Amino acid sequence: MALFADTDTPQTSQEPRAFDYSHVTNSARVAIYDDMKSAPRILTIEPTTTTEFIQNLAVAVYTEAKNLGGGISYTNILEVTENFIHAQFSEMVVSILDDGNTIKFADQGPGIPDKEKVKLPGFSSATEEMKRYIRGVGSGLPLVSDYIDGHGGYITIEDNVRAGAVVTISLNKPEEEAATFDEADLSLDEREKQVLVLIGENRELGITEINKLTQIPNGSISYMLDKMEKLGLVRKNANKKRALTDKGKAAAENL
C-alpha cells in the first residue's frame with residue numbers, strides 16, 4: 001500500500017481490469033494481393049460484438065479469396081479466424097495471396113509457444129470466458145491441418161515480428177515441393193508458349209482477352225487451353241478465365 005506524497009491517505013493498488021471478450025474494440029485489416037507487383041487492396045472490418053465480428057471477418061476473407069479464384073473453404077477460414085480471440089483481437093491483419101489459395105492470419109497477442117501441439121486434437125488454451133464465443137475444445141487447427149494436408153497444401157505457425165503469431169494456410173504445395181518441369185515434356189509450340197507467358201504476366205486471362213492480345217482465333221485458343229489443362233499448366237477459375245498452376249508458373253519463368 002503506497003502513500004500520496006502530500007497526504008497520509010493510503011492509495012490502494014488497482015487490479016488490472018479483466019478483458020471483455022463480449023465485444024471486439026479493434027478493427028481488422030484484410031490485405032488483398034491481386035498480384036505481387038502492386039500494393040494490396042485494403043478492407044477494414046469494423047469492431048462489433050464478438051460473434052458478429054468473427055463472422056464478418058471470416059465471410060469477408062472467404063469472399064475475397066474466392067473472388068481471386070481461391071479454393072479454401074469458409075469453414076476452415078472461420079476456424080482460424082476464431083483463434084484471434086486468444087490474442088484478444090490485437091492488431092489483426094489477414095493477407096490473401098496466390099490467387100486466394102494462401103491466407104495469412106497475423107496478430108500481436110501473446111503468441112503460440114508450442115506450435116506443434118496446437119495442431120493436435122484436445123490441446124486448447126481457451127478460458128471459460130472464451131468458450132462463450134468459440135468451441136474451445138482444441139479441434140479447430142487440427143481440423144484445418146487435416147483439410148489442408150488432404151488437399152496437398154500446408155499450414156505453418158510462426159512468431160510475428162514483434163509479438164504474436166502468424167498462421168498461414170495454403171492449398172499450394174510448400175516451396176520445397178514446388179512443381180518442376182522438363183521443357184521437353186511440355187510439347188508446346190511457339191504460340192502456345194506465348195499464351196502461357198501472357199497468362200502468367202496478367203495473372204489470369206479469358207479466351208476473348210487472349211484473342212485481343214495475340215490475334216489467335218478463339219477456336220485455336222480454346223484448343224491450346226484444353227491442352228495446357230491436361231498438361232497441368234493452367235486451371236480454370238470460377239469466372240472461366242485461366243490462371244497458371246505452380247507447374248505452369250515454373251514453366252513460364254523458364255521460357
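# A tour of the rings and the cores

Start by selecting Tyr 74, which counts as partly exposed, with a relative accessibility of 28%. Relative accessible area between 20% and 50% is the range for that label, so 28% falls inside it. Keep in mind that the model is predicted.

**Whole chain.** Zoom out and switch to a cartoon view. The protein chain has eight helices and ten strands. It contains 255 residues, and 39% of them count as buried. Now show the surface: the accessible area is about 14,300 Å², and carbon and sulfur atoms account for 49% of that.

**Aromatic pairs.** Hide the surface and show the rings. How many aromatic pairs are there? The count is four. Select Phe 19 and Tyr 21 as one of the pairs: their ring centres are 4.7 Å apart and their planes meet at 70°, so this pair is edge-to-face. Are the two residues buried or exposed? Phe 19 is partly exposed, at 31% relative accessible area, while Tyr 21 is buried, at 9%.

Tyr 62 sits in helix 1 (residues 50–67) and Tyr 74 in helix 2 (residues 74–82), twelve residues apart, and the pair links distant parts of the chain. Tyr 62 is partly exposed, with a relative accessible area of 25%.

**The largest nonpolar core.** In soluble globular proteins, nonpolar side chains tend to be buried together. Select Leu 57, Ile 103 and Ile 169: within the largest nonpolar core, which has 36 residues, these three touch the most other members. Colour the elements that give two or more residues to this core; among them are strand 3 (28–32), strand 5 (93–97), strand 6 (102–106) and helix 3 (140–150). Strand 7 (154–159) and strand 8 (165–170) also belong to that group, as do helix 1 and helix 2. Which element gives the largest share? Helix 1 does, with seven residues.

Stay on Leu 57 and show what surrounds it. Apart from neighbours within four places in sequence, Leu 57 is in contact with Ala 28, Val 30, Ile 45, Thr 81, Phe 84 and Val 94.

**A second core.** Finally, select Val 195, Leu 198, Val 234 and Ala 251. They are part of a second, separate core of 17 residues.

**Last look.** Show the whole chain again. Of the contacts between residues at least 6 apart in sequence, 55% join residues at least 24 apart.

How values were computed. Residues are numbered from 1 along each chain as its sequence is written. This is a predicted model: local features need pLDDT of at least 70, side-chain atom pairs count only at pLDDT 80 or more; totals for chains, interfaces and linings use all residues. Side-chain values use heavy atoms; hydrogens and water are left out. Helices (H or I, at least four residues) and strands (E, at least two) are DSSP runs, numbered from the N terminus. Buried means under 20% relative accessible area, exposed over 50%, partly exposed in between (1.4 Å probe, protein chains only). Contact means heavy atoms within 4.5 Å. Accessible areas come from the Shrake-Rupley method with a 1.4 Å probe; for residues, only the protein chains shown count as cover. Rings of Phe, Tyr and Trp (its six-membered ring) pair if their centres lie within 6.5 Å; planes under 30 degrees apart count as stacked, over 60 as edge-to-face and the rest as tilted. A nonpolar core is a set of buried Ala, Val, Leu, Ile, Met, Phe, Trp, Tyr and Cys residues joined through side-chain atoms within 4.5 Å.
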